[in-house]
Amino acid sequence: MPRPGFPRTFEGFRRQFAGEEDCWLFLVESRWPEGFRCPACSSGEAWTLPRRALFECRSCRRQTSVTAGTILHRTRLPLSLWFAAAYLVTTHTPGFSALQLQRQLGLTRYETAFVLLHKLRRAMRRPERDRIAGTVEVDEAHVGGVDSRQRGGRQRDSNKSIMVGAVEVKGQRSGRLRLAVVPDLSADSLAGFVQTAVEPGSIVLTDAWQGYASLRKAYHHRPVTVGKPTNASKHLPHIHRTFSNFKTWLKGTHHGVGPKHLPSYVDELVFRFNRRQTPMAAFQSLLGLTGQHQPTTYKMLYAPETTG
Ligand SMILES: [Zn+2]
């Protein structure tokens, strides 16, 4: 996947992707970095039919859709509008409302902004599949709900959901992040989360809660006795910084989120967090331009609707 420079300003972005042609070229370069090849006969000679977002092979006449498997497939909206919306959603870290998007893009219809935003955010809400590794901090936090009064210890607050998180420690910095909403503080929930989120053999730092005890089987588990809950941020600083950013984001942008929607926001945060240093990668992911090497997406490229 090529990673061209990412424009620093919306103004610069609009210049770079001013017309449909610019967007089309970017799309093609993102999907076929080595240049287009016909999936049927491997010929590199093809006509482009930009208006229908198709390549037509000069040897076998096979038509291949450029947008199949991406968020842009069969859209009636201009590519440049999608691109602009994806840029704003990528760069505006605290998140965007449909109304803000409508204003920024100068759209007459609120519904258009709503649809754009909905689809772009859905692209963020797929859980990350691979496991993080190395030295990892793990802990849980109570989040969401309306009443934000803190309670210590492991007591369950019925207003709140339990979030468990794992983050890679890279010196002072944090590496990749995984988060999940879990039903309780049992070993099934907590150690179970670690097993799906963290590579076996990693060094896992937790507090001394028994829910983590079974981790010693597959990990270098280093439980630390935290004592008072307020000490946790000192012993596990990376994951606690993430929790507190998440809570601020939920409160500030979304004014509290109920249990039903929380998992979606958790996935969105993880998406943003893991791509905070690589905005171009985030932008391409939002448009669905990554992962075309995966069999399912690859198949979609040659789906029946691309012929005839
Ligand atoms: Zn061909």
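Helix α4 is followed by Gly106, which has a positive phi near 65 degrees; helices (H or I, at least four residues) and strands (E, at least two) are DSSP runs numbered from the N terminus. The model is a predicted one, in which local features need pLDDT of at least 70 and side-chain atom pairs count only at pLDDT 80 or more, while totals for chains, interfaces and linings use all residues. Residues are numbered from 1 along each chain as its sequence is written, and side-chain values use heavy atoms, with hydrogens and water left out.

In α4, the buried residues are Ala98, Leu101, Gln102 and Leu105, where buried means under 20% relative accessible area, exposed over 50% and partly exposed in between (1.4 Å probe, protein chains only). They lie on the same side of α4, because they cover an arc of only 100 degrees around the axis, the arc being that of the directions from the helix axis to the C-beta atoms. These buried residues of α4 pack against α1, α3 and α5.

The largest nonpolar core has 46 residues, and those with the most contacts inside it are Phe83, Leu101, Leu105, Leu120, Phe283 and Leu287. Such a core is a set of buried Ala, Val, Leu, Ile, Met, Phe, Trp, Tyr and Cys residues joined through side-chain atoms within 4.5 Å. Two or more residues each are given to this core by α1 (10-16), α2 (20-31), β2 (54-57), α3 (79-91), α4 (98-105), α5 (110-124) and α10 (279-287). Helix α3 supplies the largest share, 10 residues. Leaving aside neighbours within four places in sequence, Phe83 is in contact (heavy atoms within 4.5 Å) with Phe13, Phe17, Cys23, Phe26, Leu27, Leu72, Phe283 and Leu287. A second, separate core of 20 residues includes Phe243, Trp249, Leu250 and Val257.

The zinc ion is coordinated at 2.3 Å by the SG atoms of Cys38, Cys41, Cys57 and Cys60; donors are N, O and S atoms within 2.8 Å of the metal (3.2 Å for Na, K and Ca). The arrangement is tetrahedral, because the four donor atoms subtend angles of 101 to 117 degrees, and four donors count as tetrahedral if all angles lie between 85 and 135 degrees. Along the chain the donors follow the spacing C-x2-C-x15-C-x2-C. Cys41 lies in the loop between α2 and β1 (46-49) and Cys57 in strand β2, so this pair ties together parts 16 residues apart in sequence. Cys41 is partly exposed, with a relative accessible area of 35%, whereas Cys57 is buried at 1%.

Note on methods. Four donors count as tetrahedral if all angles lie between 85 and 135 degrees; four count as square planar and six as octahedral if opposite donors are over 155 degrees apart and all others between 65 and 115; anything else is irregular.
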